[in-house]
Every structure is written in C-alpha cells, then in structure tokens.
Amino acid sequence: MKVLGNVNINGENKQLRVEKEGDLYKYILENEVVGVFDPDVMADTLIVFRENTIENELSDQIRDEITQVIETVGKEEILKTESEKEQEENIYDRQMGYQKAIGTEEKSKKPEKEDIDKKKDKKQEEPKKGRKQKIENTTGDIQIKQEVDMGTMATDMDSLGEKLEKAGKIKGSDEKGGKLGIVESDELDNLRDENGKRLEGHSSRYETVVITNKTGKDGKPIVRALDLENDTQEGTNPTEQNYQVDQNKNKSLEKGDVLTRLRVQGEETIAIENDQYGEEKVYHSSDKTIGGNGIEGNHSLDKQLETSDSKNPVEGMDEQTQKLSQEYQDGYRSVEASYQEAKQHENAQEEPCDEMEQEDMDGNPNTSKHNHVDDTVALLMKNDEIADKFTEREVREMVEKAWNNKDSEKTLEEFQKDVQEEIEADAENMRGERGM
C-alpha cells in the first residue's frame, strides 16, 4: 500500500492511498474505495471512480482533487509494486556495503535506473509460476435486456462507440465494434472482476455493459461492466420530465420520465425507459439546459437510439432527427434554445400539444412546423362578443400579428388568453359602431 497524498473534503484532510490487488489498483480515501485502475484496460485513464462513495456520489471538486493527487504522483510510481521497491532498496544497500568494505571514498548513490530496469526486464522474462487463470465474463453469465450497436449514430458526427471511446469508457476495436448492453442492476452480481470477486450492482434500475466482438471459452461474446455513474443532477429515478424524440415512423415528440439516467461524460447522458409493451427504450442526450431564461435547468433532450427491439425505418438518422443532435466546433445546438421553443407549445399543465413535431423544438424558431394560429382563430370565433364585431379574416390578421410579436417565454395557453382579452377590449371599444 502506498500513500499518495491528502484530499481536502469540507475543510478536513483525508489520506488517499493506492493498494494493488492482483492486476487491479484500488484507490482508498481513508477507509473507502473510491476508484480503481486497471493498466491493461484503462491505459492512460488513471482512475475510474466508483459511485455511492462520498455522500452517494463524489462531487466534482473532490473528484478533481483526487485526480490531481494521482497525476502529481505519476503513473510510473503508482505502478511500482512493493517487491520492486524492495529490490531497489536491496541493490542500494548492497552497493553501500560494498563501498564500505573496499574503503572507497566515492560518494554513495542509488543505482542507475537503467540497472534496475534491466533486472526488472530479466525478472519479467522468467516464466511466472502459479499465475491465476484470466476471468472471462460472457453473455452466458448475464441476461441482456436490450442492445445498441456501437455504430449507431448518437449525433450527426459521432457514433455511440465514438462517444464512449472519447469519454474513456471503452477501448480497442473489440469493444468499439461491439454493442452496448442494458441489464438489470442486480445482474452485475453474476459478473466477476479480475480477481474473481463478484461485482455489485448499484442503486439504479439499469446498468450498462459492453458486449465485445471477442468470444469466451463458452463461445459467447465477452462482456465487461461499463460502470457508468448515475446522473446526480436528475437522480436515480428522475422526476423532471424531459422531451423525448422517439425514432418511430411518426417521429413522435413526448414529455416524460426515465427510470435510469447514466452519465457518459460532462452533461452527456444515456437514459433507459420502460416502454408500455415491456421493451426498454434507450435515449442519448448530448447536453442539459443551463437554467436560464425561465427554464429551471437540468433538463435533458433525449433522442431515442436504435436497439435490437426498436428498429428505425431509416438507415442511421434522418435530417430532421439530426437537428436535435447537431454538433459544431463550439458545441451542440443549444438544449436551452430547444426547450424555450418547445415551451411555447405547452399548456398551463406544462403538457405539449399533440401536433408538436421536431421542428417545433430544434432550437431554431424559423423551422417551426406550426404556430397555432388556426387553432387560436377557431377558439376566438366561438366567442360571441368577438364574432359579432369582427370577421374571421380580421381575427386572423390580429392573431397573426400578435403571434409574430409574442413573448418567446409564453406558453400557447397564455398567448391565447392574452390575445382574446386584447380583441375583446377592441370589440368593446367598437360597441355601437357596427349596427349598435
């Protein structure tokens, strides 16, 4: 076990240590394992944090401090085993003893790094006795509820596999060319880590695994738990209703909850929802709202991904769907702007209208599918006071003018109420002018 340094948590310094267990390195904060590092799998990613550690989830500040301590110590120092350190010390002690024995006056110094590396290389060349058998987890050990091909486009630029690779969650062609698997959380109990110890499921309903292109001894694909952490902003069972774009024939737009939301990196998430027919829908959201301009914040814009049970009628993503996940050099199309545009088509109960389509929430007000002018005119012409004073054409002109100048934060119901009051007032002022 090696002490790496101290991490400040709420004004209190806690000791961070690293301990090697088999081929796995465990990072321990005080007496709690906060993350792991597998040099064969994680490469340059020096730590993958575990959830349910400090106050359910590590805060970003604590995570950053832990990462900084680890990077300061350095990968080479962390990878040194106790035996290798002892070997260096023994070489140093033997040299010191030899110098004393021959009475040399040369200043003692530690052995050159090259000499130690040669001894280490020689040791590595020797056959390892009693090496434990490599643990293999396959689809035969776990029940996969849903699959998403890693080649499925998450945005107009990157596939799901490319997104996970950039986030450091998967590595190599075997994983990138495989599939994302959705499993019940307690199914992880059927998988084992490198040391043969059973994994543990988390508090979320669903978890994710990567189904690789490699097969195990049982002839079935090898799987590895991705251990994506729960999205702390929306919780294990999110209550915030988010807009969801379903990849079906009608490209329907709904507003609802999901059972599990897992963070890929930053504000990017993968969400899993139970369909009414028992299937699991999988969504990708590139970003969240930031809480400005009347939006409470932490809303995701979920776009359904094609799964083994939910096939898209088109290859990849069509042009309409791309509008909701379009990338630019300066980031994604604003989720905030999309929510603001969609909110105009909500009623007082914050429910979107049935006619709403993707153009009505693509973040671009110039691409609206409909503007509710027809609905508003029909509603106002049922008002006897308005119908007695104005023709339908006159009402339409007034509604269109009001719509073009309306406050972007107003919902449809608020707009209709305001424009009705304005036209009623005009009708009152005209009393007596048309046959009265």
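Predicted model: local features only at pLDDT ≥ 70, side-chain atom pairs only at ≥ 80, totals over all residues.
Residues are numbered from 1 along each chain as its sequence is written, and side-chain values use heavy atoms, with hydrogens and water left out.

**Exercise 1: aromatic pairs**

Find out how many aromatic pairs the whole structure has, then classify the pair Trp 403 and Phe 415.

*Step 1.* A search of the whole structure gives 3 aromatic pairs. One of them is Tyr 25 with Phe 37: the ring centres are 6.0 Å apart and the planes sit at 35°, so this pair is tilted.

*Step 2.* Now for Trp 403 and Phe 415: here it's 5.0 Å from centre to centre and 85° between the planes, which makes the pair edge-to-face.

*Step 3.* Where do Trp 403 and Phe 415 lie? Helices (H or I, at least four residues) and strands (E, at least two) are DSSP runs, numbered from the N terminus. Trp 403 is in helix 12 (residues 392-404) and Phe 415 in helix 13 (residues 412-429), so the pair ties together parts that are 12 residues apart in sequence.

*Step 4.* Buried or exposed? Buried means under 20% relative accessible area, exposed over 50%, partly exposed in between (1.4 Å probe, protein chains only). Trp 403 has 11%, so it is buried, and Phe 415 has 3%, so it is buried too.

**Exercise 2: two helices crossing**

Describe how helix 10 and helix 12 cross.

*Step 1.* Axes are lines fitted to C-alpha atoms, for helices over the stretch in contact, and angles run from 0 to 180 degrees between N-to-C directions. The axes of helix 10 (residues 373-380) and helix 12 come within 9 Å and cross at roughly 130°.

*Step 2.* Angles under 35 degrees count as roughly parallel, over 145 as roughly antiparallel, 65 to 115 as roughly perpendicular and the rest as oblique. Helix 10 and helix 12 are therefore oblique to each other.

*Step 3.* With contact meaning heavy atoms within 4.5 Å, the residues involved include Val 377 and Leu 380 of helix 10, and Val 399 and Trp 403 of helix 12.

**Exercise 3: strand 10 in its sheet**

Work out which strands pair with strand 10, and in which sense.

*Step 1.* Two strands pair if DSSP finds at least two bridges between them. The open sheet has 6 strands in the order 11-10-15-14-13-12, with mixed pairing.

*Step 2.* Strand 10 pairs with strand 11 in the antiparallel sense over 4 bridges, and with strand 15 in the parallel sense over 3 bridges.

*Step 3.* Take Val 245 as a reference point: its bridge partner in strand 11 is Leu 253, while in strand 15 it stands opposite Lys 303.

*Step 4.* Both faces of strand 10 are covered, with Asn 242 and Gln 244 buried on one side and Tyr 243 and Val 245 buried on the other.

**Exercise 4: placing Glu 19**

Say where Glu 19 sits and how accessible it is.

*Step 1.* Glu 19 belongs to strand 2 (residues 12-21).

*Step 2.* Its relative accessibility is 25%, so Glu 19 counts as partly exposed.

*Step 3.* Leaving aside neighbours within four places in sequence, Glu 19 is in contact with residues including Met 1 and Tyr 25.

Notes. Phe/Tyr/Trp six-rings, centres within 6.5 Å; stacked < 30°, edge-to-face > 60°.
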